Amino acid sequence: MAKTIMLQGTSSHVGKSIITTALCRIFLQDGQKVVPFKAQNMALNSYVTKTGGEMGRAQVAQAEAAGLEPVVEMNPVLLKPTGNSCSQVVLMGKAIGNMTAKEYHTGYSLKALGVIKECLDYLGTEFDVIVIEGAGSPAEVNLKANDIVNMRIAKMLTAPVLLIADIDRGGALASVVGTLELLDPDERDLVKGIIINKFRGDIDLLKPALEFLEEKTGKPVVGVVPHLDQLGIDDEDSVSLDDKQIMSTRELEIVVIRTPKISNFTDFAAFTSEIDVNVRYIKQGESIGKPDLILLPGSKNTIEDLLYIRQQGYEEQILELVKSGTPLIGICGGYQMLGKKIADPEHTESNLDSIAGIGLLDIATTFTPSKVTHQVTASCNNNGFLGVKFSCEHLTGYEIHMGRTEFLDNLQNAFTITSRSDQPLISVDGVVRSDGLVMGTYIHGIFDNDEYRRNLLNALRIRKGLAPIESVNDTHTRKENSYNRLADTVRNSLNMELIYTLLGSK
């Protein structure tokens with residue numbers, strides 16, 4: 001059976017996901033057959049596997065770092081918040097319905113434990129090491145009875161636990177001591193070390209605090225990881241957008257409307273690696289300004305996010321900007337918003353039967369309870385967006401939506417889908433308006449295609465009177481370099497000899 005190690009945190013957003021990612025790459029570099037695992041994840045930023053299953057984006061990054069194709073066994077339970085205290089529950093990659101927090105925690109979570117154990121048993125026979133990520137804090141006493149992601153998993157596997165604290169937010173020492181005090185004795189015994197994350201400054205000034213922490217808790221400090229900026233690794237939670245830096249000197253500005261239920265914002269991450277692009281996320285109260293391109297992202301609740309755009313005055317700004325010649329692209333939920341109407345007769349997403357769309361595309365969308373989840377390949381053949389004719393073959397991406405969109409007129413389609421879930425077919429996707437200014441598509445990840453992205457950016461450059469850039473960024477190589485850079489930093493920051501000892505490898 002595989003050896004296991006678990007990363008838990010004193011709270012959410014302390015860096016569990018990124019340290020797990022780093023350890024996956026470190027173990028891979030050291031010749032181990034390693035796999036990531038998170039029993040239950042809560043995120044709107046999800047991914048579709050080759051078999052059409054849906055899973056959390058963080059485990060996808062961890063799988064990439066481990067040199068693996070993502071599979072749902074790495075994240076058997078995914079919760080996608082749909083509203084206040086309510087989430088869509090995804091089990092083994094398939095949506096099984098919406099539940100309130102009370103319904104889930106008191107009536108369902110423990111039922112999923114058998115599936116979680118089956119996944120761990122499977123991974124345990126296939127791999128040398130399982131790097132397990134917890135969620136939130138193990139000291140949430142109100143959730144402990146129905147916990148399926150923190151100490152219950154650690155105890156099930158007798159997995160050594162490393163407790164991570166974020167020193168950048170303050171109170172790290174108190175959070176470590178408090179967390180350990182709230183754990184039961186057998187749980188506390190499983191905590192074998194402490195990691196201080198996101199440190200800035202002189203490590204010598206921190207040493208007295210580390211010595212105090214070890215004396216107070218009886219647990220060794222396994223390492224201090226520096227604050228890492230601009231990692232180039234996909235983020236999972238939209239809270240990370242607060243830290244995005246604006247490169248105001250770059251020649252092109254792309255804005256993304258940051259809606260309350262924004263999902264799959266990683267669709268736009270590849271733009272940030274381009275030397276000529278600044279990506280700006282528009283938060284509540286901020287003006288869209290005069291960008292070179294507007295992006296409407298995907299949404300877990302399209303109707304709610306459309307109402308937000310309308311109520312905040314962004315719909316009016318968008319209409320005026322498009323009228324004056326600013327191009328606009330909608331992805332998935334953003335694509336649906338651009339149509340004439342969105343209907344929800346079965347109240348799949350909201351209490352409204354229907355709502356008028358922004359009206360920039362001649363389409364109408366109807367929500368149904370069944371969800372479309374596929375990896376796709378596609379081609380783009382002179383679709384006319386921005387009035388520039390270019391063709392791209394062998395594009396890859398994925399679909400993940402609940403709406404079915406009807407074309408209300410003879411329209412120019414954005415892409416031709418050539419396969420879904422490895423099954424060959426020919427199917428049209430998306431719409432490009434006749435003037436070339438507005439485009440919508442269901443294909444997530446379309447901008448991760450390097451040649452297509454550069455062609456699009458060059459079309460924007462030509463509109464501004466700028467010369468095209470011939471060189472094309474290699475997204476795969478950039479990601480690999482990022483994983484290696486992360487692993488090098490974390491390896492040099494942690495006592496890896498101790499970690500291997502905990503694994504029983506030395």
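Begin by colouring the chain by domain: domain 1 covers 3-232 + 480-503, and domain 2 covers 252-465, with bounds that come from an automatic or database domain assignment. This is a predicted model, in which local features need pLDDT of at least 70 and side-chain atom pairs count only at pLDDT 80 or more, while totals for chains, interfaces and linings use all residues. Residues are numbered from 1 along each chain as its sequence is written, and side-chain values use heavy atoms, with hydrogens and water left out.

Then select the contact itself (heavy atoms within 4.5 Å), to which domain 1 gives 19 residues and domain 2 gives 19 residues. The size of an interface is often given as the accessible area lost when the parts come together. Here the area buried between domain 1 and domain 2 is about 1500 Å², with 48% of it from carbon and sulfur atoms; buried area means the accessible area (1.4 Å probe) that two parts lose on being put together, summed over both. On the domain 1 side, pick Leu44, Asn45 and Val48, which lose the most area to domain 2 and together make up 35% of what that side buries.

Next, look for charged pairs across this boundary, taking a salt bridge as a side-chain nitrogen of Lys or Arg within 4 Å of a carboxyl oxygen of Asp or Glu. The count between domain 1 and domain 2 is one salt bridge. Show also the side chains of Glu54 and Lys371, which meet in a salt bridge at 2.9 Å, N to O.

**The open sheet**

Now switch to a cartoon view, in which helices (H or I, at least four residues) and strands (E, at least two) are DSSP runs numbered from the N terminus. Select the open sheet of six strands, which runs in the order S15-S13-S16-S18-S26-S25 with mixed pairing; two strands pair if DSSP finds at least two bridges between them. At its edges are S15 and strand S25 (431-432), each of which pairs on one side only.

Move to S18 (residues 328-331), where Leu328 and Gly330 point one way and Ile329 and Ile331 point the other way, and all are buried, that is, under 20% relative accessible area, where exposed is over 50% and partly exposed lies in between (1.4 Å probe, protein chains only). Strand S16 (residues 293-296) pairs with S18 in the parallel sense over three bridges, and Ile294 stands opposite Leu328. S18 also pairs with strand S26 (residues 438-441), again in the parallel sense, over four bridges, with Thr441 in S26 as the bridge partner of Ile331. S25 and S26, by contrast, pair in the antiparallel sense over two bridges, and there Val432 has Met439 as its bridge partner.

**The nonpolar cores**

Which residues have the most contacts inside the largest nonpolar core? They are Phe271, Leu295, Leu328, Ile329, Phe415, Phe447 and Tyr452, within a core of 65 residues; a nonpolar core is a set of buried Ala, Val, Leu, Ile, Met, Phe, Trp, Tyr and Cys residues joined through side-chain atoms within 4.5 Å. Centre on Phe271, whose contacts, leaving aside neighbours within four places in sequence, include Val279, Leu295, Phe447 and Leu456. A second, separate core has 55 residues, among them Ala112, Ile132, Ile153 and Val161.

**Salt bridges to inspect**

A search of the whole structure finds 28 salt bridges. Select Arg454 and Asp276, whose closest N and O atoms are 3.0 Å apart; this pair links helix H12 (residues 450-463) to the loop between strand S14 (262-263) and strand S15 (277-282), 178 residues apart. Arg454 counts as buried at 3% relative accessibility, and Asp276 counts as buried at 1%.

For a contrasting setting, go to Lys340 and Asp362, where the closest N and O atoms are 3.4 Å apart. Lys340 is partly exposed, with a relative accessible area of 38%, and Asp362 is partly exposed, at 29%.

Finish at Arg420 and Glu399, with closest N and O atoms 2.7 Å apart.
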